[in-house]
Amino acid sequence: MKRLRVAITGLTSCSGCQLALLNCEAELPQLLELVDFRFFPMACSPATLESDYDAALVEGCLSMPHEQELLLSLRKRSRYLVAVGTCAAWGGVAALKNDQDREQLRQQVYGTDSTAALETFSPLPLNAVVQVDATVTGCPPEKEELIGLLTGLLKGSLPTLISYPVCTECRMKETLCLLTERSALCLGPLTLGGCGALCPALGVPCEGCRGPVPEANLAEAMEIYLQKGYAQEAACERLRRFCPGWRA
Amino acid sequence: MKAGLPTSATITSVRKLTSDTTLFALRCDDPAAAGAPLPAVASFLPGQFLELSLPGIGEVPISYCGIPSSDGTIELCIRHVGHVTIPLQNAKPGDAVGLRGPFGLGFPLKSYENQDLLLIAGGLGMAPLRSLLLALLVERGQWGELTLLYGAREPGALLFLDELLYMSQSSDIRIYLAVDRRGSCLEGIPHCRAALLPALLDQVMLQPERTHAALCGPPIVYTPLVERLNQLGLADERIHLSLERRMKCGQGRCGHCAVGTYLCCTDGPVFNYAMLKGIEGALV
Amino acid sequence: MRYMEISKLQRLLDLLRQQGELHSPVLGDDGVTRFELLPPGKLPDLAAIRTQLPPKKYLLHPQETILTYQADAGYRVPLATVPAMILFGLHPCDLAGISYLDRIFLGDEPDQLYLSRRAALTLIGVSCTPDEFCSCRLYPSPLEAWYDLFFQQSVDGIAVSIGSPRGAELMKILDDVMEERELLLPEDTRCFFGRKIPLPPESELDQGLPEWQVLAGHCIGCGACSVCCPTCSCFDVLEFGGLDGSSAERLRRWDNCLFRSHAEVAGGMSFQKDRAQRFRYRYRHKYRGFGQVKGVPGCTGCGRCRAFCPAGLDLRALAGKLEGDAS
């Protein structure tokens with residue numbers, strides 16, 4: 001079988017999504033039989049771009065001109081471009097302060113007397129700049145999702161974004177509902193599932209790391225959070241941690 | 001367990017019909033001995049559907065597009081728009097697939113005997129109606145007047161045009177074609193005009209008390225078609241529509257294909273309009 | 001009538017354990033009551049009103065492999081031997097839920113996975129005291145609460161009814177802990193099941209009722225109502241390719257008609273566009289039925305949907321209005 005020619009890179013990110021793939025140690029030998037990682041600077045050198053790829057997997061959001069160049073370049077060379085991880089899909093934590101003035105932020109971080117010009121702009125998800133053919137969300141995505149993405153691409157199919165919330169998986173596991181039983185600020189009902197409700201199953205409220213579900217009923221969820229005694233501010237701040245697009 | 005377990009089959013031919021639509025021929029790998037009955041999935045009625053599996057990708061319901069053939073060949077006309085059908089763009093003869101079926105009830109051929117038949121297809125709706133059309137032509141003497149109205153977006157999207165134009169040369173059937181896009185070049189396509197599908201009904205004289213209509217098309221086209229057929233005097237019971245739903249099991253279990261309290265996979269996918277009338281979400 | 005003093009419960013459980021894996025409602029350290037393996041020495045929570053998940057989880061796993069594929073062998077049903085299992089502590093509504101699933105997954109062409117698991121199950125019911133979320137009393141059900149044995153709790157013991165040949169066989173083994181007693185016990189909630197009730201109305205649901213919009217407005221789409229429902233059995237089907245590049249596995253996973261994706265077809269078009277419409281879909285399925293359960297109301301009155309809904313929604317109030325209050 002012809003191996004899948006893949007380019008993998010990270011833009012503004014923690015590289016955790018790429019690491020999640022590299023952590024699939026048991027599967028990597030078999031995966032290498034199927035997938036030819038032609039461009040994967042984090043894992044192998046040399047890393048020079050070639051003329052074409054079956055797929056480009058891109059982690060992270062866009063915040064610098066050279067990243068935009070790389071992204072456009074990968075888009076041109078790849079049949080499919082897949083946004084991998086929450087930052088690539090929604091902006092993620094790097095976009096946390098997108099609603100604040102960039103100049104003020106610069107001064108806060110680097111001081112007023114810093115003259116170094118920062119070549120950055122407000123972080124953006126990939127689909128703000130290029131067409132994204134598929135999204136695998138998560139901070140980081142689950143190992144099964146990454147492997148499923150690659151075995152699917154090998155057969156010419158793109159993954160369908162899971163559209164049900166964390167709550168559904170939480171209930172399937174028969175864990176305690178932290179929202180109703182512990183009055184926790186749990187973002188489960190608003191957040192895309194696929195993680196197997198990992199956090200709530202360990203007693204930790206959902207932080208919303210996989211981004212918003214389609215048709216999220218934010219108004220009603222907010223009503224419930226308010227009833228539980230949370231301020232709207234607090235709830236919104238929690239929501240925007242991974243997806244700055246949330247507005248309540 | 002037969003209905004739940006895909007039978008291994010092989011793609012025997014691939015014919016691109018348009019840029020996004022392909023006609024596949026397939027055959028079960030375990031052909032019955034000569035003279036023995038066909039494999040269950042190769043023995044079907046027009047309007048029924050099967051579940052096509054692409055190993056490692058998934059399964060999708062597809063209408064039969066041909067008629068049962070003595071060598072067990074099954075024809076499927078597939079538009080590459082979904083999770084399973086997009087990878088099928090790369091399929092070649094010799095590729096392995098799985099088949100389950102047939103499912104559903106199909107067109108009520110018994111009640112069509114000695115009746116005039118009006119087939120109305122929109123877009124990809126031609127696929128199941130081609131199955132019906134071929135079945136009707138095989139036993140041409142059984143039915144009265146045969147008319148096909150067929151509309152597509154543009155001339156290049158008219159499926160099976162060569163076949164249809166060939167048929168239209170005989171006196172067995174009258175064929176009227178339409179393309180939505182005005183200004184399309186219709187040269188070399190007789191019986192075709194730039195119009196929306198329901199407008200073709202203006203060209204047809206029908207005797208409502210001895211006519212049945214069989215419809216298949218995108219959901220949006222059903223309401224105007226039914227309205228117009230009613231105006232022409234056709235009773236609801238005489239209008240048969242084939243509905244699209246995402247039948248995931250075909251066995252009435254997965255719960256995805258309910259229309260009112262009917263299930264598309266076991267009570268349909270062909271319904272007469274009297275059954276569907278008033279049901280929320282049935283047509284659009 | 002056969003009777004067992006409550007002091008002999010531990011001995012009874014030991015006898016049952018010899019017949020198969022014993023599962024019953026257990027209150028977990030996390031505060032959730034669930035059906036799970038009952039370890040020796042532990043007592044079942046027979047006072048629990050409802051487990052979070054109904055016993056359907058034993059028959060249809062939330063996610064399970066239904067087919068495997070190998071290039072040389074094609075698709076195959078994974079064969080697994082199912083150990084004998086005894087579910088102890090099922091309430092009549094749980095039993096009715098199982099009989100509803102039987103109608104869908106058994107029959108002329110039974111689902112092999114379901115059949116093998118169902119055949120391995122022994123069902124032992126226990127009487128219960130309904131709470132404010134239970135509605136068995138309000139809306140009696142045509143679903144049969146079939147059981148192998150049923151234990152009716154009284155002050156100091158348990159009166160046993162036999163419901164099947166398998167139950168009769170089991171009773172012989174349990175004879176050690178049983179005695180004969182004359183008792184006059186009040187009716188229990190079994191009486192609300194297997195009832196002849198009028199067929200649901202054929203008419204289409206009135207889309208103009210304000211209740212639909214209220215439900216849609218408050219629903220946060222978490223899916224708990226469906227996951228926790230003893231009769232919700234819609235499933236999605238998924239397939240994944242193996243790492244060898246040729247094998248594959250097909251899964252089914254519990255699905256929910258309140259999600260947009262439920263009625264989506266290729267290309268993204270959905271036949272159930274908004275949440276209010278999807279509530280009507282759910283309503284039709286739950287109270288009027290389709291397919292094998294057409295005309296069979298599928299609500300067992302267990303109260304899980306109401307008890308576990310974060311927004312406190314309750315479809316049953318509407319059912320009272322639309323189906324008529326049978327009581």
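**A walk through chain A**

Let's start with one pairing: Leu4(A) has Val35(A) as its bridge partner in strand 2 of chain A. The model is predicted, so local features need pLDDT of at least 70 and side-chain atom pairs count only at pLDDT 80 or more, while totals for chains, interfaces and linings use all residues. Residues are numbered from 1 along each chain as its sequence is written, with chains lettered from A and ligands numbered from 1 in the order in which they are written.

That pairing belongs to strand 1 (residues 4–10) of chain A, which four bridges join to strand 2 in parallel. Strands here are DSSP runs of E, at least two residues, and helices are runs of H or I, at least four, numbered from the N terminus. Two strands pair if DSSP finds at least two bridges between them.

Now for the whole sheet. Five strands make an open sheet in the order 2-1-3-4-5 (chain A), paired in parallel. At its edges sit strand 2 (35–39) and strand 5 (134–136) of chain A, each pairing on one side only.

Step back, and chain A has 11 helices and five strands. Its radius of gyration, taken over C-alpha atoms, is 19 Å, close to the 18 Å that the globule rule (2.2 Å times the number of residues to the power 0.38) gives for 248 residues, so chain A is as compact as a globular protein of that length. The C-alpha trace spans about 55 × 55 × 30 Å along its principal axes.
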